[in-house]
Amino acid sequence: SLYSFDPCEHPLAGQLGGNNPDHFAVAAKLLADRGYDEININCGCPSNLVSVFLLLLLSYRKRNSVQN
């Protein structure tokens with residue numbers, strides 16, 4: 001799963017990026033419910049590397065949802 005981790009990885013932080021408070025709330029709850037210890041909210045422009053990673057992640061999720 002995208003959100004899975006090994007217990008030895010604690011403390012575990014998830015970083016959220018964007019500008020929509022409602023999306024932040026939903027995503028933060030999702031991470032908290034899955035056992036993340038910290039949620040970091042990034043309101044600035046993501047680096048090019050992060051932007052490319054997010055694009056690849058969204059492409060993968062879209063492809064995966066179409067197959068299912």
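Helices (H or I, at least four residues) and strands (E, at least two) are taken as DSSP runs and numbered from the N terminus. The model discussed here is predicted, so local features are reported only at pLDDT of at least 70 and side-chain atom pairs only at pLDDT 80 or more, while totals for chains, interfaces and linings use all residues. Residues are numbered from 1 along each chain as its sequence is written, and side-chain values use heavy atoms, with hydrogens and water left out.

The chain holds two helices and two strands, which follow one another as β-α-β-α from the N terminus on. Strands β1 and β2 pair in the parallel sense over five bridges, where pairing requires at least two DSSP bridges between two strands. Between them the chain passes through α1, and this β-α-β crossover is right-handed; in other words, with the strands pointing away from the viewer, the path from the first strand over the helix to the second runs clockwise. Along the pairing, A13 lies opposite E38 in β2, and L16 lies opposite I41 in β2.

G14 and L16 make up the covered face, whereas A13, Q15 and G17 make up the uncovered one. In a regular strand, side chains alternate between the two faces of the sheet.

Burial is judged by relative accessible area with a 1.4 Å probe and protein chains only: buried is under 20%, exposed is over 50%, and partly exposed is in between. By this scale, 12% of the 68 residues of the chain count as buried. The largest nonpolar core consists of six residues, L12, L16, F24, A28, L31 and Y36. Such a core is a set of buried Ala, Val, Leu, Ile, Met, Phe, Trp, Tyr and Cys residues joined through side-chain atoms within 4.5 Å. Helix α1 supplies its largest share, three residues.

The structure holds one aromatic pair. The ring centres of F5 and Y36 are 5.4 Å apart and the planes meet at 75°, so the arrangement is edge-to-face. For reference, rings of Phe, Tyr and Trp (its six-membered ring) pair if their centres lie within 6.5 Å; planes under 30 degrees apart are stacked, over 60 edge-to-face, and the rest tilted. The two partners sit 31 residues apart, F5 in the segment before β1 and Y36 in the loop between α1 (21-33) and β2 (38-42). F5 is partly exposed, with a relative accessible area of 25%.

The segment before β1 (13-17) also contains H10 and P11. A cis peptide bond joins H10 and P11, with omega about 0°. H10 is partly exposed, at 36% relative accessibility. Leaving aside residues up to four places away in sequence, H10 touches F5, G35 and D37, contact meaning heavy atoms within 4.5 Å. The side chains of H10 and D37 make a polar contact at 2.4 Å, a term for a pair of N or O atoms within 3.5 Å; within protein, one must be able to donate a hydrogen and the other to accept it, and residues adjacent in sequence count only if both atoms are side-chain atoms. Although 27 residues separate H10 and D37 along the chain, their C-alpha atoms are 7.4 Å apart.
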